[in-house]
Amino acid sequence: MAAARRLLPRWAVSLRPVSGAAAAGALPKRVKVVEVGPRDGLQNEKNVVPTPVKISLINMLSETGLQVIEATSFVSPKWVPQMADHTEVMQGINKLPGVSYPVLTPNLKGFQAAVAAGAKEVSIFGAASELFTKKNINCSIEESLERFGEVMTAARAASIPVRGYVSCVLGCPYEGKISAAKVAEVSKKMYSMGCYEISLGDTIGIGTPGSMREMLTAVMKEVPVGALAVHCHDTYGQALANILVALQMGVSVVDASVAGLGGCPYAQGASGNVATEDLVYMLNGLGIHTGTMAEKILVTGGAGYIGSHCVLELVEAGYVPVVIDNFHNAIRGADALPESLRRVQQIVCQPILFQELDITDGAALQELFSKTMKAHGVRNIVFSSSATVYGDPKYLPLDENHPVGGCTNPYGKSKYFIEEMIRDLCRAEKDWNAVLLRYFNPIGAHESGMIGEDPQGIPNNLMPYVAQVAVGRREFLSVFGNDYKTDDGTGVRDYIHVVDLAKGHIAALKKLKEDCGCKIYNLGTGSGYSVLQMVQAMEKASGREIKYKITGRREGDVASCYADPALAQHELGWKAAFGLDKMCEDLWRWQLQNPTGFSKN
């Protein structure tokens, strides 16, 4: 069978291979994929793609979890007829929250048209080749930089971020090999002008791992690696290999095009971009999260204490959480986001999809469950239940076979009723799967100290109250009863680190894949600690005295309650990893860094 690939030009054969040191480089935990198919992919198509088809393509890409989708290009239709419908495309797409839709703008006129059409981010494109620049945008490199200056000034005035492209970084169809120093020079100038990110494009797909390493080494001396992206065409099947080298060198942003669409109108013979699906497949195989083509998980009450930690762990596990919350237990932050989720975004370095919604809004709930879950065949649910459904223990430790329903407080009774409804649903409709997680007592916080438990008003739970006494917000702790039949007379509970609890939800999601029907699991450590033991543990973590007073028993409290978590370990592969010291240390870090919680006073 005849070889289909073109012969490499002579100047490419001298490019050196990647060194062992680069191959051993550490990989990023997460990569941002910039989808360029609707613009860079379609612009080289000979037949004009109808506008509704372009809009539909972008809308479908928006549902895949991509954070950035380059929508179109505001260039003259004379030069790129395929992009003549740029305004109609921008105004016709369904822009999802958390997704950016940048557009390409060659000059000030294009920028102004883009902003008028609703663009919130733009890109400018230059090259490291004089001849290519002349062919592509009909001016010299220096003249192109002057044009970009006009765009940058207007963008700053309008608070619009600008991304910069540098083409022909590994070779030019007119000049041959491009000096790495020239690429670094142009990249530095564009970054200095104010481009927040520089995408380095192997426009004709001639690069190899060796030339990629050489070029990046030069550019990284002038531009921070955190501000770099790579854009690889796959003419000679080298795109994924070149991207791997970039990842090993610290680059964590990669451009790609769905189905490998692409080419370049001014670079004859250049094939398409690296295919998004191939890139994501490789990244998944390397254990690198992208959020792309990942499962979406609806998280109700996701702005609260447990919810926000679950959202964070979902992202870390490669899911795309979609959060709804009514702000009852959350502080409103910037950009209409709960402050907890705004901070989660900072931790995971990616946007969180959020919608404000209240359970009393019948129309919104109907749309959510009927039009969203039922319409898409979603029949899996993880329910956050509670050990309070067991009531006053008949025996300890509590296993999942312990009788339920004899609840000693309204909170436990509400959890019990919902459990019963879900169990009835699974009995009646056999295609439903549910995992009911009976929490014991979550405490602690994310190790960053950026998110934690922030009860509005007087805390109902022990450890937030203890932490507020330690930080000076409250004078003393009221201990409800010291006459229980326990070692020191105070109530005994099973405390679990909130991060362990959140990871229990990830394990539950995996269980649902087995078409498990309705399953119930305890999430606890299996160890019980008294109130006074918890006070002592917090004094150790904080280095501060925690004053307390003994008062009468509180109605609804039981003497002792702790879990037998063996079933979760056996069937979910889940076990609490953190002990009491870690719980208190993380709780104290959160409280010390945030004395008044998420609010400023």
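Predicted model: local features only at pLDDT ≥ 70, side-chain atom pairs only at ≥ 80, totals over all residues.
1. Confidence. The mean pLDDT of the protein is 90, and 93% of its residues reach 70 or more. Residues 1–24 fall below 50 in pLDDT. Beyond near neighbours in sequence, that stretch makes 37 contacts in the model.

2. Helix 12, length. Helix 12 runs over residues 305–316 and has 12 residues.

3. Because 10 of its 12 residues are buried, helix 12 is largely enclosed by the rest of the structure. The buried residues are Tyr305, Gly307, Ser308, His309, Cys310, Val311, Leu312, Glu313, Leu314 and Val315.

4. Helix 20. This helix covers residues 580–593, 14 residues in length. From its first C-alpha to its last it reaches 20 Å, close to the 20 Å expected at 1.5 Å a residue. Its buried residues are Leu580, Met583, Cys584, Asp586, Leu587, Trp588, Trp590 and Gln591. In helix 20, the buried residues have as packing partners helix 13, strand 15, helix 16 (462–471), strand 18 (495–497), strand 20 (529–530) and helix 18 (531–542).

5. Cavity. A search of the whole structure finds one cavity of 30 Å³ or more. The volume of the largest cavity is about 150 Å³. It is lined by 16 residues, of which Gly65, Gln67, Val320, Pro351 and Leu353 are the closest to its centre. By class, the lining of the largest cavity comprises eight nonpolar residues, seven polar and one charged.

6. Ala239. This residue is found in helix 10 (residues 239–248). Ala239 counts as buried because its relative accessibility is 0%, against a cut-off of under 20%. Leaving out residues up to four places away in sequence, Ala239 touches Cys232, His233, Asp234 and Val274. Ala445 lies 206 residues from Ala239 in sequence, and the C-alpha atoms of the two are 41 Å apart in space.

7. Cys168 and Cys349. Cys168 has a positive phi of about 55° although it is not a glycine; Cys349 is likewise not a glycine and has a positive phi of about 60°. Cys168 sits in the loop between strand 6 (162–167) and helix 8 (180–193), whereas Cys349 is in the loop between helix 13 and strand 12 (353–356). At 0% relative accessibility, Cys168 counts as buried. Cys349, at 63%, counts as exposed, the cut-off for exposed being over 50%.

8. Cis peptide. The peptide bond that joins Leu396 and Pro397 is cis, with omega about -5°. Pro397 is found in the loop between strand 13 (380–386) and helix 15 (410–428).

Terms used
Residues numbered from 1 in each chain as written. Heavy atoms only, no water. 1 Å grid on protein atoms, 1.4 Å probe; cavity = no way out; pocket = protein on both sides within 12 Å on 5 of 7 lines; lining within 4 Å. Points joined across faces, edges and corners; volume = space filled by probe spheres on them. Nonpolar A, V, L, I, M, F, W, Y, C, P; charged D, E, K, R; others polar. pLDDT = per-residue confidence, 0-100. Contact = heavy atoms within 4.5 Å. Helix = DSSP H or I, 4+ residues; strand = E, 2+ residues; numbered from the N terminus. Expected span 1.5 Å × (residues − 1). Buried < 20%, exposed > 50% of the residue type's maximum accessible area, 1.4 Å probe, protein only.
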